[in-house]
Amino acid sequence: MTEATSNQGEYRRIVCSQLRNRHFLLRHGQSEANALGRIASSPGIAVAQFGLTEKGRDQIAVSIDQHRNQLAGVDQVFCSDFRRTRETAEIAAVLLDATVNESILLRERSFGMFDGQSDQKYQVAWSADEEDATHRKWDVESVASVADRMCGFVRELDQSGDGNTYLIVSHGDPLQILLTSALGRDLRQHRQIEPLATAELRPLC
């Protein structure tokens, strides 16, 4: 095993040419945690707290309206069970006349001991990511672990239909990492992809 491989870890991957359906990724709108500049990655808190701000709700409505043509045919929206993603998915589902499905596999990356602290701490974890995608320093969930669950979710979802269009609502890091895998890039480079803004929609492939 090469050093590059060992520093990325083993995880389920996405091969775009093998996908049978179209998958669009949507980051949640601005949340109360975003507005406060706080990290909110603990399910024990963020499932019930830190929903969308009024600005965040407006962002989602605008984003869906701008991409309505691309999202034509979406009848199922998938999201993490965190309040901010659930509220985002609910708004999108109403506008698209779709149903909402929750999955814990789409949850925010766990930032361990940094949870509840300033969002400036993200950079500390990201700097360590650049050296090793398998690190769990500060009890942070590894990039490889996030990639495994996100890619696993997409692969299973993709096998459930053919020719469908799905909308997946999740969080910044999990979506960045999923996109990095889909591009076939080293997971340690996940911050080198243009970061998704709140309420930003991108195609997976």
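## Strand 1 and its partners

Strand 1 and strand 5 run antiparallel and are joined by 3 bridges, where two strands count as paired if DSSP finds at least two bridges between them. Within this pairing, L26 stands opposite L201 in strand 5. The model is a predicted one, in which local features need pLDDT of at least 70 and side-chain atom pairs count only at pLDDT 80 or more, while totals for chains, interfaces and linings use all residues. Residues are numbered from 1 along each chain as its sequence is written, and side-chain values use heavy atoms, with hydrogens and water left out.

Strand 1 is also joined to strand 4, by 6 bridges, and these two run parallel; L25 has I168 in strand 4 as its bridge partner. Because 5 of its 6 residues are buried, strand 1 is largely enclosed by the rest of the structure; buried means under 20% relative accessible area, exposed over 50%, and partly exposed in between, with a 1.4 Å probe and protein chains only.

The open sheet holds 5 strands in the order 3-2-4-1-5, with mixed pairing. Strand 3 (99-102) and strand 5 (201-203) are the edge strands, each pairing on one side only, and from one strand to the next the twist averages 25 degrees. Strands and helices here are DSSP runs numbered from the N terminus, with at least two residues (E) for a strand and at least four (H or I) for a helix.

Strand 2 (residues 76-79) and strand 3 run parallel and are joined by 4 bridges, and C79 has E102 in strand 3 as its bridge partner.

## Helices across the sheet

Helix 5 (residues 83-96) lies across strand 1 (22-27), strand 2, strand 3 and strand 4 (165-170), and runs at about 150 degrees to strand 4. Helix 8 (residues 172-182) lies across strand 1, strand 4 and strand 5, at about 145 degrees to strand 1. Such angles run from 0 to 180 degrees between N-to-C directions, the axes being lines fitted to C-alpha atoms, for helices over the stretch in contact.

## A buried histidine

H190 is found in the loop between helix 8 and strand 5, and with a relative accessible area of 0% H190 is buried. Leaving aside neighbours within four places in sequence, H190 is in contact (heavy atoms within 4.5 Å) with residues including R109, W126, D129 and D173.

## A partly exposed valine

V124 lies in helix 6 (residues 122-129), and because its relative accessibility is 34%, V124 counts as partly exposed.
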